[in-house]
Amino acid sequence: VKNFYIFRQLCETQDDKLIKDVLKEPRERTILRTWPVPTPHDFWCLGRCIGFSECIWELGFTFRHLQGEHLVMLCEGIKSVEDCRGRIKTFNISLNELDIEGLSHIFDLPPLFLSKVEFINLRGNHLNVLPIPKHGFHNFTS
């Protein structure tokens, strides 16, 4: 997927059953090199779709001019789904304009959700001090 249009459209239907039906196939979905640069609202829609899906997601947002607000909205979208089923396997957010405040929202996700993340790449962001997540990651680079 290279565009957030499908996720925005799914959320705008306000039909949770439709989102579940469209994303029910438990397969890997990869989002890389999106264009145009997604808005924070796009990230909320993606988070909601991840929460309703039964998919394994690989997210790659290297050098996409993301800021903390994007991650806040992604996490809020995921947490807006009561029975979150999706799983983020890979989360590459290197070379962005993220700070520790924005990144801290990732670690506020439910422990069961976080425990399934296998790889997160934070290289090249504006980090001074990085808290070590309680729930851990199998492969964590910064």
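Student: How many residues does the largest nonpolar core have in this model?

Tutor: The model is a predicted one. In soluble globular proteins, nonpolar side chains tend to be buried together. Here the residues with the most contacts inside the largest nonpolar core are Leu46, Trp57, Phe61, Phe91, Ile93 and Ile106. The number of residues in this core is 36.

Student: Which element supplies the largest share of this core?

Tutor: At least two residues of the core come from each of helix H1 (5–12), helix H3 (40–52), strand E2 (56–60), helix H4 (68–79), strand E3 (87–92) and helix H6 (111–114). The largest share amounts to six residues, and the element that supplies them is H3.

Student: Over what arc around the axis do the buried residues of H1 lie?

Tutor: The buried residues of H1 are Phe7, Leu10 and Cys11. An α-helix has 3.6 residues a turn, so residues three or four places apart point the same way.

Student: Is Asn125 buried or exposed, and what is its relative accessible area?

Tutor: Asn125 lies in the loop between strand E4 (119–121) and strand E5 (139–141). Beyond its neighbours up to four places away in sequence, Asn125 touches Ile93, Ser94, Leu95, Asn96, Glu97 and Leu98. Buried means under 20% relative accessible area. Asn125 is therefore buried, as its relative accessible area is 12%.

Student: How far apart in space are Asn125 and Phe63, C-alpha to C-alpha?

Tutor: In sequence, Asn125 and Phe63 are 62 residues apart. In space, their C-alpha to C-alpha distance is 9.7 Å.

Conventions:
Residues numbered from 1 in each chain as written. Predicted model: local features only at pLDDT ≥ 70, side-chain atom pairs only at ≥ 80, totals over all residues. Heavy atoms only, no water. Helix = DSSP H or I, 4+ residues; strand = E, 2+ residues; numbered from the N terminus. Buried < 20%, exposed > 50% of the residue type's maximum accessible area, 1.4 Å probe, protein only. Contact = heavy atoms within 4.5 Å. Core = buried A, V, L, I, M, F, W, Y, C linked by side-chain atoms within 4.5 Å.
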